[in-house]
Amino acid sequence: MVDIAIIDYGMGNLRSVHHALRTIAPTASIVVTDDPQEVEQAARVVFPGQGAMPDCIRELEARGLRAAVLHAARTKPFLGICIGLQMLFEHSEEGDIPGLAILPGKVVRFASNLCDAQNNKLKVPHMGWNQVQHGNHPLWEGIDQNARFYFVHSYYVCPQDAQFVQATSCYPQPFVCAVARDNLFAVQFHPEKSQGAGLRLLKNFVNWVPV
Amino acid sequence: MLAKRIIPCLDVTAGRVVKGVHFVELRDAGDPVEIARRYDEQGADELTFLDITASSDDRGILFRIIEQVAEQVFIPLTVGGGVRQVEDVRNLLNAGADKVSINTSAVLNPQLVADAAGRYGSQCIVVAIDAKQVQPGRWEVFTHGGRKATGLDVVEWAKKMQALGAGEILLTSMDRDGSKIGYDLQLTRAVTDALEIPLIASGGAGTLQNLVDGVKLGGADAVLAASIFHYGEFTIQQAKQYMAQQGIEVRI
């Protein structure tokens, strides 16, 4: 049986995610797959995503993976990363398209005229290492408050329901960078590129037994 | 808040890291995988590899280096040099690069930037610009490792690359490269102010104060340096501590 399936729908580079998981779970069987059946049979599912959300949704549909993603997000430990977080919501400003609607809320773009406290222009995409203020979900175990993770994105999620928010970061206003519900957890940053803190979060995911 | 990034740059040829002055006079600096690991341990925020010969023989060596580094280092890796078509971008991403940097080919074929960003996302497309001052307050884009003038204005070119889908600009001052007298701050400021996307300053860092100036005076979102780290003058930690003392947000 496959322990972890990384869903591959042809958008971007999944090698980093695969390397990172192999490093923290050397004995687990890990597959990168576009086969819906393999996703359904896996014990855990990682749902990454890069690029533009409309392309991601289109490629997901084209490979017949929508049902498998919806099923996994309801039934087993599920980790969304970056666009894999954004796609879980109902609607995105990027391309003005519907998402998978697993969580209520929408995805919006950072404003283009952001400034920091010293009145320096803030660039979009939000790119680099930012601090994360997190809740006490098991996936944060052993990770300091304000630990830095690597982000690269121009859009962020606005969940309708605050109870699903598991972390925020600031650019310059607070925005949601992690959500959780039951067996599902999803983050805006890239744990696979966030050195120690990122690897710890992935390890916590691999050991996570949702109640 | 978001940290300013420090990015060590590894110029690679024939499987070795080298560093030149004004793009020539190469000097050996060691094994790329070993150096990458050391910078990762010291807290580098990203790593950039530039294949500075990009001959076909060296290409295979570069892929093996990237594969080895990607297996051990969990921070973003940018790879550039000799990227001519979308397939080159794909191959580098498959080898383990997170971002690919395009320089000469963006000038010869700007559509490559749009195609690559359309296919793989802007987040992984860096456009590298080699800039040379041609008159006060005006800089021109050079290609082919700094050998060919293009007649293009650097600020206008950077804006065009942003419009075509570049996710980030890596701006190198050829006048300063390897000189260790500091970044061209006027150039850096002119380009970063014209952009919405992040800018990495490059070319000329010789002291820790130069890194601070690149951010504070130049307005760069990230600073790239090679010589000051390769030969053990400073560690990345020392650079970050110094920047933090000067009030710059860094990841320590």
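**Close-up views of a predicted model**

A:Trp140, with a relative accessible area of 2%, is buried; the word buried stands for under 20% relative accessible area, exposed for over 50%, and partly exposed for what lies in between, using a 1.4 Å probe and protein chains only. The model is predicted, so local features need pLDDT of at least 70 and side-chain atom pairs count only at pLDDT 80 or more, while totals for chains, interfaces and linings use all residues. Residues are numbered from 1 along each chain as its sequence is written, chains are lettered from A and ligands numbered from 1 in the order in which they are written, and side-chain values use heavy atoms, leaving out hydrogens and water.

**View 1. Aromatic pairs in chain A.** Over all chains, the structure holds 15 aromatic pairs. Two rings of Phe, Tyr or Trp (its six-membered ring) pair if their centres lie within 6.5 Å; planes under 30 degrees apart count as stacked, over 60 as edge-to-face and the rest as tilted. One of the pairs is A:Phe110 with A:Phe175, which is edge-to-face, with 5.4 Å between the centres and 90° between the planes. The two residues are 65 apart in the chain: A:Phe110 is in the loop between strand E7 (105–109) and strand E8 (126–134), and A:Phe175 is in strand E12 (residues 174–181). Helices (H or I, at least four residues) and strands (E, at least two) are DSSP runs, numbered from the N terminus. A:Phe110 is buried at 5% relative accessible area, and A:Phe175 is buried at 2%.

A second pair is made by A:Trp140 and A:Phe189; it counts as tilted because the planes are at 50°, with the centres 6.3 Å apart. A:Trp140 is in the loop between E8 and strand E9 (147–153) of chain A, and A:Phe189 is in the loop between strand E13 (184–187) and helix H6 (195–207) of chain A, so this pair ties together parts that are 49 residues apart in sequence. A:Phe189 is buried, at 0% relative accessible area. Ring pairs join A:Phe110, A:Trp140, A:Phe175 and A:Phe189 into a cluster that also includes A:Phe149, A:Phe151, A:Tyr156, A:Tyr171 and A:Phe185.

View 2. How many residues of E9(A) are buried? Seven of its seven residues are buried. On one side these are A:Ala147, A:Phe149, A:Phe151 and A:His153, and on the other A:Arg148, A:Tyr150 and A:Val152. E8(A) runs antiparallel to E9(A), and seven bridges join them; strands pair if DSSP finds at least two bridges between them. Opposite A:Phe149 of E9(A) stands A:Asn130.

Strand E10 (residues 155–159) of chain A has four of its five residues buried, so the rest of the structure largely encloses it. E10(A) pairs with E7(A) in the antiparallel sense over five bridges, and A:Tyr156 in E10(A) stands opposite A:Val108.

**View 3. Charges over rings in chain B.** A charge sits over a ring if NZ of Lys or CZ of Arg is within 6 Å of the ring centre and within 35 degrees of the ring normal. The charged end of B:Arg119 sits over the ring of B:Tyr120, 5.1 Å from the ring centre. The charged end of B:Lys132 sits over the ring of B:Phe142, at 5.0 Å from the centre of that ring.

**View 4. Cysteines without disulfides.** A search over all chains finds zero disulfides; a disulfide is a pair of cysteine sulfur atoms within 2.5 Å. For A:Cys115, the nearest cysteine sulfur belongs to A:Cys170 and is 16 Å away. A:Cys115 is partly exposed, at 32% relative accessibility. For B:Cys9, the nearest is the sulfur of B:Cys124, 18 Å away. Is B:Cys9 buried or exposed? B:Cys9 is buried, at 3% relative accessible area.

**View 5. A pocket and a cavity.** On a 1 Å grid over the protein atoms alone, a cavity is a set of points where a 1.4 Å probe fits but cannot get out; a pocket is an open set with protein on both sides within 12 Å along at least five of seven lines, and lining residues have an atom within 4 Å of a point. Grid points are joined across faces, edges and corners, and a volume is the space filled by probe spheres set on the points. The second largest pocket has a volume of about 670 Å³. Its lining has 29 residues, and those nearest the centre are A:Asp116, A:Gln118, A:Asn120, B:Lys4 and B:Val215. H7(B) gives the largest share of this lining, three residues.

The structure has two cavities of 30 Å³ or more. The largest cavity has a volume of about 130 Å³. It is lined by 13 residues, with A:Gln50, A:Val152, A:His190, A:Lys193 and B:Asp98 closest to its centre.
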